Amino acid sequence: MLQKQSSWYVILIAVAAGVAGLMYGFDTAVISGAIGFLAERYELTPAMQGWVISCVMVGGVLGVALSGFLSDRYGRRNIMFLSAVLFIISAIGSAFATGVSMLIVARIIGGFGIGFASALSVTYISECAPPKIRGRLGSLYQLFTIFGICATFYINYAVANSGTYAWGLEEGWRWMLGYGVLPGLIFFVLLFFIPESPRYLIQKGREKEAFETLTRINGEEVAKQEAKEIKVSIETEKNTSVKQLLKPGLRMAMGVGIFLALFNQVIGMNAVTYYGPDIFRSVGFENNTEFLATSIIGSVQVLFTIVALLLIDKLGRKKLMAVGSILMALFMVLIGSVFFFEPANSGPLLIVFIAGFTAAFCVSMGPIPWIMIPEIFPNHLRAKAVGIATMFLWGANWAIGQFTPILINNMGGAFTFWMFAVINAICFTFVMTIVPETKNKTLEEIGQIWLKKKNAAESEKSVFSEYNVQETVNK
């Protein structure tokens, strides 16, 4: 029997898929608490510390690369189930690791899980959510990511305070990493309560199931139109390839997607997240207060991600990214200045500056790229394009995890954070000149943006060609 439209059903779908962010957030934050103990226990060099942190991104890149193919063959929901299982296995393996090599293998397995989930959960939400609240629901992935980061910072703080430093070296870091079982289990259980993507169902000829899901999401009239559009896009997709993303118009969309993915990572937030306790320890925090300071930053992340959730469909994507990137550049200059001048008792000042940077990130380049990347591509190319952009995101994530300790060790904190300030200024310039506004636009309307750019480019090319022909005739 056909069920009526249900707002609660839409929210359930978005929340269940968005909870994938808990896994990403946990993994992003937990290693910041464990790496200090691991570095001392196993006498890790800065480069090896970077590898222990960044190895998870290797699995992430491979997971993203395979996610499109696997989800088209086996379904979005089934591959998200697989991602939860892999993350649980990774958490158990990390907790019982007998050495650095086993820990690295376990983290790479977890990377596969996070890679699958990061590519599919936001895409799944964008395929299910009504246009008017798609941005808000898409933000849930980032909200859960930030909540996972914040909760994990407090877990790290609690574990560090549960025993002596010697206990932390032997057992504490294992408990930190082992708690990853919890977000994996939560995600696994919630997936039982959501349907398969309507797009996948139609693609596999299960149109009745797809229509029932679309009706519960949008109502019967809108569901009919949505079903027709999905069928058209699937037919179009049969004759598409990645090469089409290099054509005029779509080439610009692909460039914007890659830009958003890169700047989500390279503007400096993950340097703070991965190495927060070490950064605070370097300015005098001790006796586990460095974990408390990092937890405060995590709380700021949660608060301002909620602010972003409320603003993103009102103020628009572009405006928030522009304002946020300028503020982030300013705070990175101030953070670098703390390390350059090294004033006495600079710890509280550093917390204020990092909190300001974090707040700006969480209302701009934190959640918005995750929302816009699936938005800006036409239906028939979305899975391929999102996969490519997310691979760049994970590659940049790996670079930050790998090279931040090397940069701080060789260049010092001041020049490292000033480098991030320059990157944020570049981000502002790109947002203002290249990135389009997608607020309140349907996916089809967004597709028209690139079509217009393509037609404009072809028109300009045609005029230029005619001009050259005329010039030749005149000569």
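Rings of Phe, Tyr and Trp (its six-membered ring) pair if their centres lie within 6.5 Å; planes under 30 degrees apart count as stacked, over 60 as edge-to-face and the rest as tilted. On that rule, Phe340, Phe341, Phe415 and Trp418 form one aromatic cluster. The model is predicted, so local features need pLDDT of at least 70 and side-chain atom pairs count only at pLDDT 80 or more, while totals for chains, interfaces and linings use all residues. Residues are numbered from 1 along each chain as its sequence is written, and side-chain values use heavy atoms, with hydrogens and water left out.

- Helices (H or I, at least four residues) and strands (E, at least two) are DSSP runs, numbered from the N terminus.
- Buried means under 20% relative accessible area, exposed means over 50%, and partly exposed lies in between (1.4 Å probe, protein chains only).

**Aromatic pairs**

- The structure holds 19 aromatic pairs.
- One of them joins Phe26 and Phe87 edge-to-face, at 6.3 Å centre to centre and 85° between the planes.
- This pair links distant parts of the chain: Phe26 sits in helix H2 and Phe87 in helix H4 (residues 76-95), 61 residues apart.
- Phe26 is buried at 6% relative accessible area, and Phe87 is buried at 3%.
- Phe37 and Tyr165 make a tilted pair, because their ring centres are 5.4 Å apart and their planes stand at 50°.
- Phe37 belongs to helix H2 and Tyr165 to helix H7 (residues 165-178), so this pair ties together parts 128 residues apart in sequence.
- Phe37 counts as buried at 6% relative accessibility, whereas Tyr165 is partly exposed at 47%.
- Arg216 lies over the face of Tyr9, 3.7 Å from the ring centre. A charge sits over a ring if NZ of Lys or CZ of Arg is within 6 Å of the ring centre and within 35 degrees of the ring normal.

**Salt bridges**

- A salt bridge is a side-chain nitrogen of Lys or Arg within 4 Å of a carboxyl oxygen of Asp or Glu. By this rule the count comes to seven.
- Arg107 bridges to Asp27, with the closest N and O atoms 3.3 Å apart.
- That bridge links distant parts of the chain: Arg107 is in helix H5 (residues 100-128) and Asp27 in helix H2 (residues 20-41), 80 residues apart.
- Both Arg107 and Asp27 are buried.
- Lys231 bridges to Glu207, with the closest N and O atoms 3.1 Å apart.
- Lys231 lies in helix H11 (residues 220-237) and Glu207 in helix H10, so the bridge ties together parts 24 residues apart in sequence.
- Lys231 is partly exposed at 37% relative accessible area, and Glu207 is partly exposed at 39%.
- Asp72 bridges to Arg76 at 3.0 Å between the closest N and O atoms. Asp72 is partly exposed at 23% relative accessible area, while Arg76 is buried at 1%.
- Asp278, Arg281 and Glu290 are linked in a network of salt bridges.

**Nonpolar cores**

- A nonpolar core is a set of buried Ala, Val, Leu, Ile, Met, Phe, Trp, Tyr and Cys residues joined through side-chain atoms within 4.5 Å.
- The largest core has 135 residues, and Phe187, Ile335 and Met365 touch the most other members.
- Helix H2 gives this core its largest share, 13 residues.
- A second, separate core has eight residues, including Ile202, Ala223, Ala227 and Ile230.
- Contact means heavy atoms within 4.5 Å. Neighbours within four places in sequence aside, Met365 is in contact with Leu260, Phe263, Asn264, Ile267, Met321, Met328 and Cys427.

**Around helix H2**

- Thr152 is found in helix H6 (residues 131-160) and counts as buried at 2% relative accessibility.
- Leaving aside neighbours within four places in sequence, Thr152 is in contact with Gly25, Phe26, Ala29 and Val30.
- Gly36 has its place in helix H2 and is partly exposed at 23% relative accessibility.
- The C-alpha atoms of Gly36 and Leu169 are separated by 8.8 Å, though the two are 133 residues apart along the chain.

**Helix H10**

- Helix H10 (residues 207-218) has twelve residues and reaches 16 Å from its first C-alpha to its last, close to the 16 Å expected. The expected span is 1.5 Å times one less than the number of residues.
- Ala210, Thr213, Leu214, Thr215, Ile217 and Asn218 are buried in H10.
- Gly219 follows H10 and has a positive phi, near 95°.
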